[in-house]
Amino acid sequence: MKYTKKLAAALAMSVSFASMAAADGHATLEGKTVGVAVVGTQHFWDREAFNGAVSTVEELGGTVVPVDGGRDNQVHADNHDILLNQGVDAVISILGDGAVEPKFEALKAAGIPVFTVDHQSPHAVNNTTSDNYYMGTTIGRYMADAIGGEGKVAVFNAFEGALRICGIRAGLWKYVLEDYPGIEIIQPELAEEFANAPEDARQKALDLLTQYPEGTLDAIHVGCWDQPAIGIVQALEEAGRTDVLVTALDGGPDTLEIMAEDGSPFVANVAQQPNLIGSTAAQNVAAHFAGETLLPQTFVDVFPVNGQAEAKAAYEALGYGTLD
Amino acid sequence: MAVALLQMHDIIKSFPGVLALNKAALSVQPGEIHGLVGENGAGKSTIIKVLAGVYKADGGTVTIDGEALQDVTPRSVHEAGIRFIHQELHLVQHFTVTESVFMGQELSGIGGLSRRDMKAKAESFFKDALGTELSGDLLIRDLGIAERKLVQIARALIDGAAKLVVFDEPTAPLSSGETEKLFAAITNLKARGIAMIYVSHYLAEITDICDRVTVLRNGKTVSVFEEVLPDSTDAMITAMVGREIEALFPDVSHCASADLLQVQNLHHQAFSNVSFDVQAGEIVGIAGLIGSGREEVVDVLYGLKKASEGAVKFNGKSQAFNAPKDAVAAGMVLVPRDRRHDGLVLDMSVSDNVNLASLDDISTGLIERRKMGLAKAGAVAEQLDIRPRDPSAKARNLSGGNQQKVVLGRWLTRGAKLFILDEPTVGVDVGAKVEIYALVEKLAADGAGVLVSSSDPGELVGLCDRILVMLRGEIITEISTDGLGVDHLVALTTGGQAA
Amino acid sequence: MTQSLTIRRILDALPITVFVLLFLYLSLNSANFLSFPTLELILKQAVPTVLVSLGLATVIVAGGDDVVSGGIDLSIPATAIICAAIVADQVTNHQSPLIWGLVLAFGAAGIIGAVNAGLVVWVRMTPLLATLATSVAIVGVTKVITESRRIGVTDPTIVFIRDGSIAGIAAGVVLTTIVALAYWHLVHRTKWGMNLQATGGSRDAAEISGIPTNRFVVQSFLLAAFAGWIACSFVLARGSGSSPGSEENLLLEMVLATFLGAAFSPRRVVTVWGAVLGAVLVSALSVGFISIGVNVFWTGCIKGVLILLVVASAAAGREQ
């Protein structure tokens with residue numbers, strides 16, 4: 001099946017799933033106050049997930065108390081205390097690291113259900129997320145194919161230990177690579193910064209390229225997201241290197257644009273639907289209040305993007321506009 | 001006579017090129033107030049600093065209570081019961097009176113400071129020892145200058161171990177009403193048997209409160225007055241001045257014409273009711289001690305400070321300069337007293353400094369024409385005999401006299417109408433002085449007005465056509481320099497003789 | 001004269017007026033802003049800022065409150081973060097006991113304090129530049145230690161600081177109060193503290209009074225680093241571990257809190273209790289803004305403007 005068609009069909013399915021829940025009648029947030037906590041809104045993914053959650057809560061008749069951690073995980077965690085103090089009926093918590101766990105526990109103890117986005121927690125009712133298993137294995141296969149099944153690979157992997165979703169994505173990527181004995185992951189792994197990712201990654205990639213001259217490095221992979229990839233591509237251009245390929249995850253519009261350029265070193269990605277993820281989390285809150293039993297995780301479809309043509313198609317299909 | 005409390009004998013102290021003290025002597029009896037007078041540079045502050053252990057004397061002895069002090073250090077002097085009330089107050093603005101009095105000597109017990117104890121001690125000290133009521137809780141910044149001075153005195157004396165207190169120009173920043181307050185405190189201290197050395201330019205104060213007076217001149221003790229009478233001032237001035245005025249000054253009298261500057265009823269925090277005028281082609285002097293308001297008058301004229309009242313007419317037009325650039329634009333220029341800070345950019349070349357005020361003339365649009373600037377500076381250096389003659393030499397490396405010529409040269413290139421010279425020859429050697437005086441005379445002869453503010457009475461008498469004498473913020477008289485003696489001018493500025 | 005006095009009074013009153021207005025607005029617009037749980041929340045969230053502000057207040061008291069040439073230490077938040085990273089690394093990655101991590105962190109804080117003091121007192125750098133430089137260096141070293149990764153901590157002592165309570169009040173708040181009282185006593189109620197204040201009030205006056213001013217400046221930087229070290233346990237408790245990049249927000253709040261404290265002090269000078277009050281007010285503002293749903297960027301902007309206000313008012317006060 002042609003990629004575009006496949007994508008369009010899948011998209012239609014996920015959209016109908018969303019509208020189905022809304023049309024259900026009993027799924028309403030009328031009279032409910034829902035806190036929506038997001039770690040930051042600078043990055044596309046975070047902002048879209050946040051917007052999706054906020055707008056759906058409002059569409060369902062609920063009141064939103066939005067809080068934004070300004071890309072500081074500690075501030076994000078503290079914000080949950082404020083939501084607790086405000087006496088909201090439910091909390092949707094988007095991303096965040098381990099610092100939020102005790103806060104979830106406190107919310108749960110106070111009888112306030114917590115719904116997470118891209119953050120698995122024993123204290124949450126449900127976690128809405130992309131199919132991270134599929135993302136991890138797919139990007140592993142695509143990258144291995146792109147470099148011909150052998151070579152040296154560097155990985156930006158700051159969050160594998162800190163965030164479960166990153167553990168899955170990076171872990172499965174490595175799991176796939178186990179079957180390619182010719183591929184070597186350069187040690188130590190690189191760690192990107194959270195707050196200022198593109199610039200930070202640019203610097204680190206430049207250092208890396210100096211350390212591994214022409215012909216000794218085949219790909220740079222970003223283990224859990226795509227923002228650092230922007231800086232990595234910049235670094236490759238600056239260093240005039242065409243021998244190194246880039247792969248990453250998330251597939252936001254900025255990285256799809258880079259992939260869509262002619263001769264782009266950025267060859268593989270897996271696109272998520274952050275707005276739909278946020279929106280689905282809000283639907284889940286409504287479903288919970290309607291007495292439905294939710295599964296611990298809700299998976300939202302992802303779209304593998306392999307090469308320039310698919311990047312253009314995905315960009316259009318996801319509603320970001322057209323690229324030509 | 002009893003054993004002297006303090007005896008300083010044959011004190012010698014030299015600095016590179018200067019013999020500041022040449023066998024000076026000073027002797028203070030228990031319980032007396034001993035005046036110490038002399039012109040600027042006579043060695044008053046040097047001998048005080050030797051006593052304080054700040055300077056180490058090259059020779060001589062210091063004896064306290066009949067015992068020679070082997071090692072004169074700030075600590076040993078303090079332990080001997082000598083305290084210094086410096087001219088600067090050295091107080092912390094946001095401290096309370098109590099905190100300031102006990103600064104560095106706080107009382108504390110178990111659990112921290114004994115605040116109540118300190119407050120009680122401070123307040124009773126003000127009452128008993130200084131004869132005034134002052135709450136320990138007031139903030140220094142809310143006090144008048146006289147009260148701050150009392151706090152400073154209390155800090156020096158609160159430990160009760162003081163035998164001799166040295167006052168260095170204590171009344172300089174005070175108005176006459178405030179001076180009364182200080183004198184009351186001093187009288188009170190005397191009654192408690194504390195001896196004092198009183199250093200002052202104000203001879204009237206010296207005759208008012210001192211029991212004996214030592215006069216220094218050129219680093220030597222030239223006279224000790226065993227008895228001080230109200231009319232002793234004349235004799236003191238003669239002893240202080242005691243020299244012929246050198247033939248430094250060209251003998252030119254100017255025919256003044258046209259009102260250049262008219263100042264009417266100018267008021268400011270530091271002075272009041274100041275009126276005078278300067279004609280084109282005339283050199284007018286302003287005499288007065290530090291704190292007389294002399295410096296502030298200059299600052300107000302030049303737009304560095306603002307007058308609260310009054311009118312200034314310059315070159316026929318009413319003017320109130322808000323900033324120096326307005327004054328410069330109108331043709332009034334200043335050679336500032338602190339040339340190293342205000343007059344020169346020390347790390348720039350002579351050429352750049354000369355051209356600083358007239359960049360417009362040597363630049364077209366945004367481009368500065370360096371060659372033209374250098375040539376112009378070269379001409380000025382030639383004219384004023386600035387050495388080294390190299391216009392690209394750094395100003396920092398020039399001698400004081402040559403630096404001053406650079407500052408003057410800057411304004412020469414502008415063709416100004418009125419030159420205000422503030423302390424034009426401080427730190428300038430005699431040779432350069434003569435050249436600067438000749439230049440000033442030439443400026444006047446060429447039709448410019450000159451206003452000279454100076455603390456050197458000889459300079460004013462020699463250079464100026466007439467002199468405005470300021471005392472405590474007012475012009476007390478205006479005198480012609482025809483037949484004027486330096487001693488007479490000193491008497492006027494020190495309040496030693498009524499105008 | 002009278003005109004400039006009026007201007008000064010207005011400037012003096014401006015920060016307080018703005019704060020009072022903001023608080024009125026917050027309490028009117030957020031239903032439970034003035035309630036006990038909110039108060040406790042405000043205090044709990046103020047804890048790290050209070051602790052680093054204690055250090056900054058001490059340095060400013062010793063160095064004078066001129067923003068450019070006076071005392072300032074911008075490296076305290078970075079010190080707290082690096083100490084937290086060292087402790088987390090030891091406890092979680094090396095399975096060392098907490099106390100060993102704290103000892104190592106203490107040594108690091110001591111080195112930082114000594115370097116700051118050395119740069120300011122002996123190399124004669126302005127404190128602003130010196131501590132900015134050390135701060136940048138410390139952040140770099142922190143990244144090396146943590147490899148820019150989060151390190152979680154589950155040590156029971158840290159958990160107690162986070163969740164425990166003493167006499168019904170949050171443990172973090174109680175412990176911080178004790179530390180704050182200790183700093184207050186030291187700086188404002190001892191002979192040492194008076195001499196420290198004299199050093200900052202007028203270096204000349206202090207020297208004339210026989211106070212060894214350099215020694216006091218050095219000690220103030222050591223005390224500031226010490227405050228950073230103390231803060232690290234609370235930073236760890238707050239984040240249940242060390243997260244990279246937390247020093248920026250802390251720095252902003254510390255500077256705001258400390259200078260705000262000066263605006264509230266009767267003598268208009270930086271004091272320890274003023275800094276504590278300032279930190280609590282800043283925390284109250286943050287909580288208040290979030291409660292009424294103000295965008296985080298606007299909150300940052302408002303805080304920036306407030307810093308300008310209090311610093312400008314302090315500078316204008318000195319002009320007079």
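A salt bridge here is a side-chain nitrogen of Lys or Arg within 4 Å of a carboxyl oxygen of Asp or Glu. By that rule, there is one salt bridge across the interface of domain 1 and domain 2 of chain B. Keep in mind that you're looking at a predicted model.

**Stop 1: inside chain B**

Select B:E205 and B:R472: their side chains meet in a salt bridge, 2.7 Å from N to O. Next, colour chain B by domain, with 6-241 as domain 1 and 257-493 as domain 2. Their centres, taken over C-alpha atoms, are 35 Å apart. In the contact you'll find 13 residues from domain 1 of chain B and eleven from domain 2 of chain B.

The two domains of chain B bury about 920 Å² between them, and carbon and sulfur atoms give 61% of that. Now pick out B:Y202, B:I237 and B:V241, which lose the most area on the domain 1 side, together 47% of what that side buries.

**Stop 2: where chain C meets chain A**

Show chains C and A together. Here 27 residues of chain C and 30 residues of chain A take part in the contact. The buried area is about 2400 Å², with 48% from carbon and sulfur atoms. Select C:R149, C:R238 and C:I290: they supply 25% of the area that chain C buries against chain A, more than any other three residues.

How many salt bridges does the rule find across this interface of chain C and chain A? Three. For one of them, zoom in on A:D97 and C:R150, whose side chains meet at 3.6 Å, N to O.

Technical notes. Residues are numbered from 1 along each chain as its sequence is written. Chains are lettered from A and ligands numbered from 1 in the order in which they are written. This is a predicted model: local features need pLDDT of at least 70, side-chain atom pairs count only at pLDDT 80 or more; totals for chains, interfaces and linings use all residues. Side-chain values use heavy atoms; hydrogens and water are left out. Contact means heavy atoms within 4.5 Å. Buried area is the accessible area (1.4 Å probe) that two parts lose on being put together, summed over both. Domain bounds come from an automatic or database domain assignment.
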